[in-house]
Amino acid sequence: MDAALSAAWKLLLTAEHVTFLIGALPDECMPDPARRLMDAGISVGIDRFRIDDGEGIALRDHALRANADILVMGAYTHSRFFERLFGGVTEDILAHEMLPLLIHH
């Protein structure tokens, strides 16, 4: 997340509001990456959601509910072999174009 956030920093500083969508497996604690934007005076919302199945579907649904103008995300965090064998969030998001993407690998 930090690399994607850094790559999109100038764009995010122009936003009126930024919502972070943080999917976590049950009982997984995720760090809150929004502090830098809040310190810069940007209105920030956090939408933490539980991932039971279909991470890409859950991410898409939450982005649409947040009325997102753009989705900024890290991509291909697993090996290429793993992604090809089991699929992944990045593949799912790219296969179901829904809104502009800024993807950082």
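Modeller: Let us begin with Arg60, which is in contact with Asp92, Ile93, His96 and Met98 once its neighbours within four places in sequence are left aside.

Colleague: What makes these residues contacts of Arg60, and where is Arg60 found?

Modeller: A contact means heavy atoms within 4.5 Å, and Asp92, Ile93, His96 and Met98 meet that condition with Arg60. Arg60 itself is found in helix H4. Before we go on, please keep in mind that this is a predicted model, in which local features need pLDDT of at least 70 and side-chain atom pairs count only at pLDDT 80 or more, while totals for chains, interfaces and linings use all residues. Residues are numbered from 1 along each chain as its sequence is written, and side-chain values use heavy atoms, with hydrogens and water left out.

Colleague: Why is Arg60 called buried?

Modeller: Buried means under 20% relative accessible area, exposed means over 50%, and partly exposed lies in between, all with a 1.4 Å probe and protein chains only. Arg60 has 14% relative accessibility, and therefore Arg60 counts as buried. His62, also in helix H4, is buried because its relative accessibility is 13%. Leaving out residues up to four places away in sequence, His62 touches Leu21, Asp47 and Phe49.

Colleague: Which residues of helix H4 are buried, and what do they pack against?

Modeller: In H4, residues 55-65, the buried residues are Gly56, Ala58, Leu59, Arg60, His62 and Ala63. They pack against strand E1 (17-24), strand E2, strand E3 (71-74) and helix H6 (89-95). Phe20 is found in E1, and because its relative accessible area is 5%, Phe20 is buried as well. Over the whole protein chain, 30% of the 105 residues count as buried.

Colleague: How do you know how many helices and strands there are?

Modeller: Helices (H or I, at least four residues) and strands (E, at least two) are DSSP runs, numbered from the N terminus. By that rule the protein chain has six helices and four strands, and from the N terminus on they run α-α-β-α-β-α-β-α-α-β.

Colleague: Why is the pair of Asp39 and Arg35 called a salt bridge?

Modeller: A salt bridge is a side-chain nitrogen of Lys or Arg within 4 Å of a carboxyl oxygen of Asp or Glu. The closest N and O atoms of Asp39 and Arg35 are 3.9 Å apart, and the pair therefore qualifies. A search of the whole structure finds one salt bridge. Asp39 and Arg35 both lie in helix H3 (residues 35-39), four residues apart, about one turn of the helix. An α-helix has 3.6 residues a turn, so residues three or four places apart point the same way. Asp39 is also exposed, because its relative accessible area is 58%.

Colleague: What joins the side chains of Ser43 and His17?

Modeller: A polar contact of 2.7 Å joins them. The term means a pair of N or O atoms within 3.5 Å; within protein, one must be able to donate a hydrogen and the other to accept it, and residues adjacent in sequence count only if both atoms are side-chain atoms. Ser43 is found in strand E2 (residues 43-50) and, not counting residues up to four places away in sequence, touches Glu16, His17 and Val18. The C-alpha atoms of Ser43 and Val18 are separated by 6.3 Å, although these residues are 25 residues apart along the chain. Ser43 counts as partly exposed because its relative accessibility is 38%.

Colleague: How do you know that Arg36 lies over the face of Trp9?

Modeller: A charge sits over a ring if NZ of Lys or CZ of Arg is within 6 Å of the ring centre and within 35 degrees of the ring normal. Arg36 is at 4.4 Å from the ring centre of Trp9 and is listed as lying over its face.
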